[in-house]
Amino acid sequence: MSQTNKAIQKKSTNSDTKGVKVLLISLGIIFIFIMLVIPMIAVITYAFQDGLKAYQEAIFDPYTIKALQLTLLATVTAVAINTVFGLFAAWTITKFKFRGKHLLTTLIDIPFAISPVIAGLVLILTFGKIGWAYDFLNAHNIKIVFAVPGIILATVFVTFPFISRELIPVLSAQGTDEEEAAALMGAGGFNIFRKVTLPHIKWALLYGIVLCTARAMGEFGAVSVISGHLRGKTNTLPLHVEILYNDFQLTSAFAVASILVILAVIILILRNLIEYKAKKAGEK
């Protein structure tokens with residue numbers, strides 16, 4: 001009799017677990033559909049509501065092309081700088097012991113903790129006319145605020161934790177035994193990094209680069225503050241969308257926004273591909 005009761009209880013528990021699983025999955029799908037899928041469909045729908053010709057005119061508008069070029073320039077530059085910084089920071093934090101390590105780790109996380117708008121304001125207070133660096137920059141004819149360098153700096157600032165934060169856990173788990181063994185065998189620092197360290201961190205590095213790219217392309221707050229919204233000069237794609245929307249050019253705004261949607265989907269595919277490759281490599 002007791003065995004029968006246990007079987008019934010086990011069956012009931014499995015049924016409850018399955019019910020909770022179905023409920024949670026359903027809630028997740030509904031949430032994603034409402035928050036992501038529907039808005040993306042709405043963007044594409046509104047982008048084509050006046051026909052393909054209107055869509056093409058908005059996409060190939062000179063201001064849109066300029067905004068796209070600036071977005072790509074800021075993104076590529078920020079990702080390149082942050083890749084180098086992320087590697088150096090992660091290597092330093094995980095491979096060496098020194099005073100101030102926890103402070104350095106905290107400083108790296110600052111862009112996660114403050115608003116991008118505040119970051120843009122800080123850059124203006126540093127490099128603008130009321131900033132301490134303005135006299136030096138003005139004397140050497142260097143313009144940062146309301147110029148492309150300022151947009152790049154803002155993009156770098158809000159994205160620089162992404163790569164280092166992906167690498168630090170992997171390098172910490174790896175330890176230093178393999179590098180020390182390679183060094184004892186006479187390998188140089190670059191060869192140790194290329195042949196010992198890089199194979200362990202390559203998937204985390206690529207994942208960090210993808211995340212950094214996605215964040216850089218969609219940055220609005222810090223860039224909005226420091227750009228000055230100069231059409232054809234300091235407008236990135238998100239800023240260009242805002243200007244079109246505020247001018248009640250809704251079809252053009254959604255058409256330009258669809259570019260960001262397409263880029264986001266491409267980045268999402270790359271991210272999933274990297275995760276799949278990393279999982280396969282981990283199983284070998």
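Is Phe254 buried, partly exposed or exposed, and what is its relative accessible area? Phe254 is partly exposed, with a relative accessible area of 21%; buried means under 20%, exposed over 50% and partly exposed in between, for a 1.4 Å probe and protein chains only. The model is predicted, with local features requiring pLDDT of at least 70 and side-chain atom pairs pLDDT 80 or more, while totals for chains, interfaces and linings use all residues. Residues are numbered from 1 along each chain as its sequence is written, and side-chain values use heavy atoms, with hydrogens and water left out.

A search of the whole structure finds five aromatic pairs. Rings of Phe, Tyr and Trp (its six-membered ring) pair if their centres lie within 6.5 Å, and planes under 30 degrees apart count as stacked, over 60 as edge-to-face and the rest as tilted. Tyr46 and Phe254 form a stacked pair, at 5.0 Å centre to centre and 25° between the planes. Because Tyr46 lies in helix 1 and Phe254 in helix 14, the pair ties together parts that are 208 residues apart in sequence. Helices (H or I, at least four residues) are DSSP runs numbered from the N terminus. Tyr46 is partly exposed, with a relative accessible area of 40%.

An edge-to-face pair is formed by Phe85 and Phe160, at 5.2 Å centre to centre and 85° between the planes. Phe85 belongs to helix 3 (residues 62-95) and Phe160 to the loop between helix 8 and helix 9 (161-174), so that the pair links distant parts of the chain, 75 residues apart. Phe85 is partly exposed, at 31% relative accessible area, whereas Phe160 counts as buried at 15%. Phe85, Phe157 and Phe160 form one aromatic cluster.

Charged groups also sit over rings, the criterion being NZ of Lys or CZ of Arg within 6 Å of the ring centre and within 35 degrees of the ring normal. The charged end of Lys95 sits over the ring of Trp91, 5.9 Å from its centre. For Arg231, the charged end sits over the ring of Tyr63, at 5.6 Å from the ring centre.

Helix 8 (residues 148-159) has twelve residues. From first to last C-alpha, helix 8 reaches 17 Å, close to the 16 Å expected at 1.5 Å a residue, the expected span being 1.5 Å times one less than the number of residues. Its buried residues are Gly150, Ile151, Ile152, Ala154, Thr155, Val156, Val158 and Thr159.

The largest pocket has a volume of about 550 Å³. Of its 17 lining residues, the closest to the centre are Met40, Val261, Ala264, Val265 and Leu268. A pocket is an open set of points on a 1 Å grid over the protein atoms alone where a 1.4 Å probe fits, with protein on both sides within 12 Å along at least five of seven lines; lining residues have an atom within 4 Å of a point. Points are joined across faces, edges and corners, and a volume is the space filled by probe spheres set on them. Helix 1 (2-47), helix 11 (189-217) and helix 14 (250-283) each supply at least two lining residues, and helix 14 gives the largest share, seven residues. The lining divides into 15 nonpolar, one polar and one charged residue, where Ala, Val, Leu, Ile, Met, Phe, Trp, Tyr, Cys and Pro count as nonpolar, Asp, Glu, Lys and Arg as charged, and the others, Gly among them, as polar.

The second largest pocket has a volume of about 250 Å³. Phe127, Lys129, Tyr134, Lys143 and Val145 are the closest to its centre of the 13 residues that line this pocket.
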